[in-house]
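Good morning, and thank you for coming.

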Amino acid sequence: MSADRPLVARPTAVRSDVAPTEREVKIDVAKLNFYYGAKRALEDITVQLHSNLVTACIGPSGCGKSTFLRTLNRMNDVIPGTRVEGRVQVAGRDIYGDGVDVVELRRRVGMVFQKSNPFPKSIFDNVAYGLRLNRMVSSRNELHDRVEASLRSAALWEEVKDRLHDSALALSGGQQQRLCIARALAIQPDVLLMDEPASALDPIATQRIEELIYQLKNDYTIVIVTHNMQQAARVSDVTAFFWLGKLIESDRTDVIFTNPREKLTEDYVTGRFG
Amino acid sequence: MTATTWRKLKSSLFVGFCAGSVLIALVPLAFILFFVVKEGVQALNLDFFIRMPKPVGEAGGGMAMAIVGTLMVAGLGSLFAIPVGILSGVYISEYAGSRLSSLVRFAADTLNGVPSIVIGVFVYTIAVLPVKHFSALAGGLALGIMMIPIIARTTEELLLLVPSAMREGALALGATRGKAMFTVILPAALPGIITGVVLALARIAGETAPLLFTAFNNRFFSTSLTQPISSLTVQVYTYAISPYADWHRQAWAGALVLVTIVLLCSLLARLATRRLEHMQAR
């Protein structure tokens, strides 16, 4: 197998013709500050993320990109001693306001983690988990249909349809991650957050996840954190560059990678530091 | 002597010490098992399991009431201790770091260290004195109190071993904290928790002291919860200190049956644990 020939044709230049700003604003973040105890991990983040686009968050380790992602579905709430200031609106609603139902928020804002975390249950039960939990289906048939549809959306159905009741832990790493994506899609979120979803996978499994992201953006607003700049260039429409807890700049991905406004961004994307 | 030979010698010496220590640890177990089996099988026959004790001087008879009694008090203890122990373990792990959680953990460790005779006397004052008679229920309560800290601490340790990614995965799908615990984290830890419960069971099945003050003993076959009930341990104790050779033989047989019950429990739990793990990982 020659090294320079791609194994499968990959979607190159995933870029929309529509400029980001012409789309509906799905996530509106204003003056967001985040603290772990006394340490400020995010500083005055203001950014708008648009619907049906893939936004990539890049930056060196510890720059706050994962923290930022986790503020969008309040996953940081479970960490003791953390504090949030500022405003985050998802679909027009302030998610840190009074009387916000965090459970309902997390149903609408799905999340896929860096390390695949299937539950020690069957493949079917993993995907059905959120559906059952949120009482989103009324019959067994409907449950089965929704599980199948989710597995199809995550491009996993063909590989697992004959062993739906086997343990999810028997799947390969890449399959497990797609299962976690299927699990997140099953409850039909608006927004899908992905925290380095491919960093623990081999190149082929990574490519499948990237193809999947490309397909999913028709139906979802996707925010992805990645360490891999080629990946950000391949899958995203918009790229946000974080550095030391600050959002240095965010723009169309081609602009960030070819003609960024800030010197810091240019140094980072060209590999001069990081 | 070169440096290498000296190092090799030191290594061999150390391995030798380790092997010796293992031997010293295993010898008592081997002797106990050997004598229990050797002496026990002599008096062991079908009658032992299905017959009641004969009066002194008559040969034969069995310990049917003690076998049933042991199973009953151990069962009652489990019935009481398993839910309380597991839920305490859930509390300690879920609120780890809070002051009450540390207090509960400390209390569990202290309770675990309380001599069993003291627990017997305690249950005697709260469950025997007020009703003025010994009962199987009081025996079960005493054994249950001994099981709670073991189960609680095992549960806590196993729950903390479940990766936090599992919890986050459930929360991200809209689970509440309680739902995440009871639908994902606890099931993930279940195989280990079962092992812990059985270890606790094995530990209390051999207790004599707390039963002397609570279940006491009963020469007659009884399954009543409110009546005194016999148990293998108390029966073995009574027979072993008696002056009759025939009773001594019976005591050995009782000890053998007790050891076998504990062994069977461990084996069953092993099997159940492996089944569960297999189901989760296949």
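I shall begin with the overall fold, then turn to the contact between the chains, and end with one residue.

Please keep in mind that this is a predicted model. Let us look at chain B. Its secondary structure consists of eleven helices and zero strands. Following the sequence, one therefore reads α-α-α-α-α-α-α-α-α-α-α. Along the principal axes, the C-alpha atoms of this chain occupy a box of roughly 70 × 70 × 40 Å. Chain B has 282 residues, and 39% of them count as buried. As for contacts within chain B between residues at least 6 apart in sequence, 73% of these link residues at least 24 apart.

Now to the partner chain. Here, 18 residues of chain B are in contact with 23 residues of chain A. Which helices of chain B each supply at least two residues to the side that touches chain A? They are α7 (164-172), α8 (177-205) and α11 (245-281). Of the elements on that side, α7(B) gives the most, with six residues. By type, the residues on the side of chain B that touches chain A comprise eleven nonpolar, four polar and three charged.

Finally, consider B:Thr110, which sits in helix α4 (residues 99-113) of chain B. Is B:Thr110 buried or exposed? B:Thr110 counts as exposed, because it has 10 C-beta neighbours inside 10 Å, and the cut-off for exposed is 12 or fewer. In sequence, B:Thr110 is 50 residues from B:Leu160, and in space their C-alpha atoms are 21 Å apart.

Key: Residues are numbered from 1 along each chain as its sequence is written. Chains are lettered from A and ligands numbered from 1 in the order in which they are written. This is a predicted model: local features need pLDDT of at least 70, side-chain atom pairs count only at pLDDT 80 or more; totals for chains, interfaces and linings use all residues. Helices (H or I, at least four residues) and strands (E, at least two) are DSSP runs, numbered from the N terminus. A residue is buried if 20 or more other C-beta atoms lie within 10 Å of its own, exposed if 12 or fewer, and partly exposed in between; C-beta atoms are placed from the backbone. Two residues are in contact if their C-beta atoms, placed from the backbone, lie within 7 Å. Ala, Val, Leu, Ile, Met, Phe, Trp, Tyr, Cys and Pro count as nonpolar, Asp, Glu, Lys and Arg as charged, and the others, Gly among them, as polar.
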